[in-house]
Amino acid sequence: MAAVDSFQLLYREISRSCSCYFDTLALVGALYAASRAIILLRDCCSLVRVHFLPRMIPSKRLNQKFGDWAVIYGASEPVAKAYAEELARHGISLIFITQDQTSVGIAAASLSQIYGVETIIVMADFSSDQANAIKPLKDAMRGKDIGFLVNCVDESLSLPQSLIEMPEQGLLDLVNKNVAVATLMARLVLPGMVERCRGAVVNISSGACCKPPPGRVTLTASTGYMDHFSRALHLEYSGKGIFVQSLIPFQIASRHQWPSSSSREGWFVPKPEVYAQHAISTLGVSNRTTGYWPHTLQYGLMRCIPEWIWVLGSRVSIT
């Protein structure tokens, strides 16, 4: 009994002496919980502002806000085609830059017939002679109110392949097409946009720039460049009336950016057309977004995963 009394007395003395520390810890815990609640509320407000309000509230027509013509680089990619169709739906005429005239030609003729917009196809091979590739593009843009540039990464980057398995020339071509030429496109259209004090540059890359998926080194590197290039370009030219947007979608039905046992369409795996409808509504609203609100939820969950857990999970999936 004496031992019990002694323990209770000791506990009361310790509690009395440590009460100030308990209060401090409780205050720290309350502040942390409040900060997390504020961050969650901020993210929810941002989700509504970027993805829902623009689709509910009518805004100024895109051609009045940015211009009458759009240059589409990577036009053979499904996402780029879907984005071009959304621009055509808004009355924007299109200049397609491609090496594959067959598939793009059919799409261009269809858009011109359905929406009554002008379409121009420029055949350009930047891997052989860049000077000769640039000349027809400049001729096509001359005298036109170029209000949009859409760069889209190559779909083949999303295929799992080790860096050492890639042929050297193929690797150089991928880097040239998705990094050098995309940057060159911005260099070609920006002077006219700066002169008119309006325009939009949209770089469609991939959510792989946020966390590297296994077996996709070139995809992670190329999309990381495009993402940072877009953000730096927006910082430099936003004060001159030019809006630069980095679109970082996750898995889309026509693209296999992430390891998946199934590529079936669904809520988190939209069709290119569905993604484009959502993404174009964020133009002028957010300079860096997934473009599709379920993907934004995915991005939010991904940010909560510590880097070491992500790396460990990637290693397990590789093995």
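Student: Is leucine 87 buried or exposed?

Tutor: This is a predicted model, so all values are computed from predicted coordinates. Leucine 87 has a relative accessible area of 0%. The cut-off for buried is under 20%. So leucine 87 is buried.

Student: Where is leucine 87, and which residues does it touch?

Tutor: Leucine 87 has its place in helix α3. We leave out residues up to four places away in sequence. What remains is Leu62, Ala70, Ile72, Ile92, Leu94, Phe148, Val150 and Ile280.

Student: What distance separates the C-alpha atoms of leucine 87 and leucine 62?

Tutor: The two leucines are 25 residues apart along the chain. Leu62 is also among the residues that leucine 87 touches. Their C-alpha atoms are separated by 8.2 Å.

Student: How many residues does the largest nonpolar core have?

Tutor: Leu87 is one of the residues with the most contacts inside this core. Ile72, Tyr83, Leu94, Phe96, Phe148 and Leu283 are listed with it. The core has 32 residues.

Student: How many residues are in the second core?

Tutor: This core is separate. It includes Trp69, Ile134, Val181 and Val189. Its count is 28 residues.

Student: Is asparagine 176 buried or exposed?

Tutor: Asparagine 176 is found in helix α6. Beyond its neighbours within four places in sequence, it is in contact with Phe126, Ser127, Gln130 and Val181. Its relative accessibility is 18%, and the cut-off is under 20%, so asparagine 176 counts as buried.

Student: What is the relative accessibility of threonine 98?

Tutor: Threonine 98 is found in strand β2. Its contacts, leaving aside neighbours within four places in sequence, include Ala75, Val104, Ile121 and Met123. Threonine 98 counts as buried, at 6%.

Student: Where is cysteine 197, and what is its phi?

Tutor: Cysteine 197 is found in the loop between α6 (168-196) and β5. At 51% relative accessibility, it counts as exposed. Its phi is positive, in a residue other than glycine, and the value is near 60°.

Student: Which residues form a nonpolar patch on the surface?

Tutor: Start from valine 48, which has its place in helix α1 (residues 2-56). Valine 48 is partly exposed, with a relative accessible area of 36%. The patch has about 360 Å² of accessible area together. Its members are Val48, Leu53, Met56 and Ile57.

Student: What share of the protein chain counts as buried?

Tutor: The protein chain has 10 helices and seven strands. The whole chain is 319 residues. Of these, the share that counts as buried is 42%.

Student: Over which residues is the pLDDT below 50?

Tutor: The mean pLDDT of the protein chain is 85, and 87% of its residues reach 70 or more. Where pLDDT is low, the predicted coordinates should not be read in detail. The stretch with pLDDT below 50 is residues 256-262.

Conventions: Residues numbered from 1 in each chain as written. Predicted model: local features only at pLDDT ≥ 70, side-chain atom pairs only at ≥ 80, totals over all residues. Heavy atoms only, no water. pLDDT = per-residue confidence, 0-100. Contact = heavy atoms within 4.5 Å. Patch = residues over 30% accessible without salt bridge, like charges linked within 9 Å, V, L, I, M, F, W, Y side chains within 5 Å. Areas by Shrake-Rupley, 256 points an atom, 1.4 Å probe, with all protein chains shown as cover. Salt bridge = Lys/Arg side-chain N within 4 Å of Asp/Glu carboxyl O. Helix = DSSP H or I, 4+ residues; strand = E, 2+ residues; numbered from the N terminus. Buried < 20%, exposed > 50% of the residue type's maximum accessible area, 1.4 Å probe, protein only. Core = buried A, V, L, I, M, F, W, Y, C linked by side-chain atoms within 4.5 Å.
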